[in-house]
Amino acid sequence: MKRRDFLVKSSAAGVSLVALSACNGAGSGGEEVVTATSDGNAGGSGLAGTSGLAKPAMPEWGGPSPFQHSVASGDPLARQVILWTRITAEGLDEVPVIVRVSRDPEFSDVVYEGVGYARSQADYTVKIDAMLPEANTTWFYQFESLGYFSAIGRTKTTAHGDQSVEHLRLAVMACANYSYGYFNAYRKVAFRRDLDAVLFLGDYIYEYGPGEYGDPEVEALRPLDPPHGIVTLSDYRRRYALNRTDQDLQECHRQHPFICVWDDHEFADNTWSDGAANHNEGEGDFSDRKRAAVQAYYEWMPIRPVLPDRQVRIYRSFEFGQLASLMMLDTRLIGRDQQTDSPVTARDRNRSLLGDDQQNWLFEQLEHSQTRGAQWHLLGQQVMLAPLTLGALPDTANLDLGGGAQVNYDQWDGYETSRRALLGRIEAMGLDNAVVLTGDIHSSWAMDVSLDPGNWFAYNRFTGEGSIAVEFVTPAVSSPGAPTKGISDLAKAFLIPANPHIKWLDFYHRGYMILDVTPERCQADWFHLETVSEPSNQEHFAMGWYTASGDNHIQASKVPCAPKHNAPPLAPEHNVQQEALA
Amino acid sequence: MSNDRRAFLRQLLIGGASVSALAACGGQGGSEGGEDLPDDPPKVNPEPDEPPVESGGVKGTESMSFIAIGDMGTGNIGQYHVAEAMRQIIEAQGCDFVLGAGDNIYEDGVTSVDDNGFLDSFEYPYQNLDVPFYMCLGNHDCASTIFGGGSDNQRGDYQVDYHYSDKRYSTKWRMPARFYKESFGKLAQEKPFLDLFVVDSNPLTSFYIDFDERFNWKNYGYPQQLWMKEAVNESEAHWKIAMSHVPYLSNGKHGNAGNLDEGMRVIFSNPDADGQRYKLFLEEAFSHKIDMLVTGHDHSLQWIKPVESMGPAHIIVSGAGGKSDKFQDPERNPTHYQAENELGFVWVHLTEERMLLEFYLVNEDTGEFRLGYSREETKPVQEVAAPTPA
């Protein structure tokens, strides 16, 4: 009954299959997401009340399964989630793809059916924004096309903003260089049953050609495609496709919804809004390259466009019930002024990291999050917010001096005005429980965030007093940090005394972070891999750091958080439907 | 101070600004105090509310005029000369009220509600003017030294107290709260003709840190920002005008918010002295919502053209009511008009569709005055038609 009710409602609301296909078919080229609208105007001529599934006509196909890149889901909301797949069927275009979503992996309780089309304009990728009947629930989904069924995917809707949530667990990942190592981290995360979502903070692909930035031994076994640096739309598509042939990454996508933002290597090294360090004139106009990279990103990543006609905007927010708000930022592309290497320009009041629009949006989101009474305010973003210096000094804003000798102006250190605006706002709001999650730097860090960490009167390194937020940095999936553990330890021994707000760091290991959130505390557990030079499932718990609610500074934990009770089952390996057909 | 002097002054002032005369022409609306948090009830003005301007409610306000002055409270001859010029313009062209954009009482404000400063810098200079003055606090009103460092915000409270004092010398002084909203006139469906939003900018930008925690950003700046944002969003007035002391944009020595006092800042202690947070405050509260922003602080007259970050609002610096100064960079912001090194004020006339601004320049020594510039514009913010229910 429930299912029929839901289907009837959905179709009345303009998401019946017929309506969907009509709507979808009316679209013009490029990326398309089938979006269910609530006002009954899905476009085209939907047949209200049609509850049955009018199967679209399938073209003839005698080849192998078209689901070569498996499935993915992402950008979960309380009643919506993006479902993704791609059709590999040479010679065909405009291929209908059906998706079904069920409460159980046996598909005995289907709650949603939808149709999308794999088109050449979108590199044959298909995204469907499925409307689902319940918040905070695990769902199983499967695509069907050309007489084949895809692998079964598993995803989860978030809790409504006003719902009480006791326990949230997120994997936080970044920096996956295909030719620098095996994606063991993705495999380890795939099998964690109790995750609500995976946050990916950028550098999902790398733009380099062979021999430019990889481990030669790994690269010999994992050759790059295309076999050169990527510049054009076709190049970027092929690089995403290459990553998506990786079984570990496929498995991770299959089991968990991803919430992704890009960093620089989805474009080119050290990108800013109008250029990149690793872009030269011989590679053409940067705006063309940027457009190509953005298009391929939207085609291949399970991301929902915030503004359908302005895909360059990826900053957006999510709510995990009353427990947490998540704001995903773009510190890389949309508003970033060009990097500097001068501490003077770094303080230029006219330079921005976020751009005015995004900063306004962020401040509104923080206000909204505080007003709605969310316990935690999570910021998912790319580059380190807290300063990294060779010796922290008190900051004297009116002299445009101080802070200490900063070393990496690609991070917030190079955009002092933007950092002061954000931290100044957090301070003015009296906002407790802001947690910043960061990628980009291929290493693990746990830090207090203070307006003036080098000033003894403003920040006490022993008690954490004066800290107004905390920052956790996730290591790379495979991109390299320090070449040996010895160098990493040496750097740590120097940097921690020099930077009073930095409590812990590891430059050596690859891995990932599990962020475990309860009303009482928010803890990051770092899991480090034994190796990425070969396939391996060996990992160890490196360290945990948490902030207790209201503390706004971190403390160490020698034990990782306990997993959730009663986590739902993983999506099964066996593709029962496909086997039945065989 | 002797009671004799007070009595004498009161006698003296009765001719110019008697209470009954004021009641007939004074502020035409209720004030909404903003010193307390938004949830608190607004401070009630103990005086009886004056009757609205229009009679019978048949016809609403067709136009209003006001004068904007700032940085006027010197008590010197220049202030008197400006006041006399204002009197003549008011007589000739009319004026419903005056906006006082701060630095009301030089050099370091007042230290009690009985302070002579109210006499010397306000009542006496403006004794011949018969209109209410809506006042805003400046850095000198909240300073403990003649330098105007703004580190004694608590002093501003006396200027609010004076609004409520029954011992004041006239009822012209209006400052119902440190920051507030005031409505003027009436249009159809009881909508005000004009809402005025007054910002207390000193705690947000003072040169020196005020160690009184009641006035830090967390306890004062951000709550004020939220209050202001809500007040503007809820306003149904046809015209919306904001007033603050510290400029959003200025070609004078204090400069633009976000980079205030660029050359001077090295000797300041407050990291907010550059006005970065203040700039965002103004943009978040007012951008694309108000028609005009009136500030003082720089002792000159400037009509700065609208800028994208503030939307269509025209930006007026009127800080030459008692002191004059030269520009630091006349090209910093494009202007319709600007005048340095002379005292003066701005007279504004609003109809439903148009606004007329006249800039008057006053010779500090002789008191001679002349019209420096006049320009008419259509109303900057166009009303968006309310969506019709489907």
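**Close-ups of a two-chain predicted model**

**View 1. Where chain B meets chain A.** Here's the contact in this predicted model: chain B puts in 20 residues and chain A puts in 18 residues. Between them the two chains bury about 1,600 Å², and 43% of that sits on carbon and sulfur atoms. On the chain B side, look for Tyr222(B), Gln276(B) and Arg277(B), the residues that lose the most area to chain A. Together they account for 35% of what that side buries.

**View 2. Salt bridges across the interface.** Six salt bridges turn up between chain B and chain A. Zoom in on Arg277(B), which pairs with Glu427(A); the closest N and O atoms of this salt bridge are 2.8 Å apart. Arg277(B) is also one of the residues picked out above for losing the most area to chain A.

**View 3. The largest pocket.** This one has a volume of about 1,200 Å³. It's lined by 45 residues, and the closest to its centre are Asp356(A), Lys279(B), Leu280(B), Glu283(B) and Ser309(B). Three helices each supply at least two residues of the lining: α8 (356-371) and α9 (416-429) of chain A, plus α8 (276-286) of chain B. The largest share comes from α8(A), with six residues. Sort the lining by class and you get 19 charged, 18 polar and eight nonpolar residues.

**View 4. The second largest pocket.** There's about 1,000 Å³ of space in here. Of the 36 lining residues, Glu427(A), Leu451(A), Asn216(B), Trp217(B) and Arg277(B) are the closest to the centre. So which elements give two or more residues to this lining? From chain A come α9 and β21 (467-473), and from chain B come α7 (217-234) and α8. The top contributor is α9(A), with six residues. By class, the lining splits into 13 nonpolar, twelve charged and eleven polar residues.

View 5. Chain B has a mean pLDDT of 88, with 83% of its residues at 70 or more.

Notes:
Residues numbered from 1 in each chain as written. Chains lettered and ligands numbered in written order. Predicted model: local features only at pLDDT ≥ 70, side-chain atom pairs only at ≥ 80, totals over all residues. Heavy atoms only, no water. 1 Å grid on protein atoms, 1.4 Å probe; cavity = no way out; pocket = protein on both sides within 12 Å on 5 of 7 lines; lining within 4 Å. Points joined across faces, edges and corners; volume = space filled by probe spheres on them. Helix = DSSP H or I, 4+ residues; strand = E, 2+ residues; numbered from the N terminus. Nonpolar A, V, L, I, M, F, W, Y, C, P; charged D, E, K, R; others polar. pLDDT = per-residue confidence, 0-100. Contact = heavy atoms within 4.5 Å. Buried area = accessible area lost by both parts, 1.4 Å probe. Salt bridge = Lys/Arg side-chain N within 4 Å of Asp/Glu carboxyl O.
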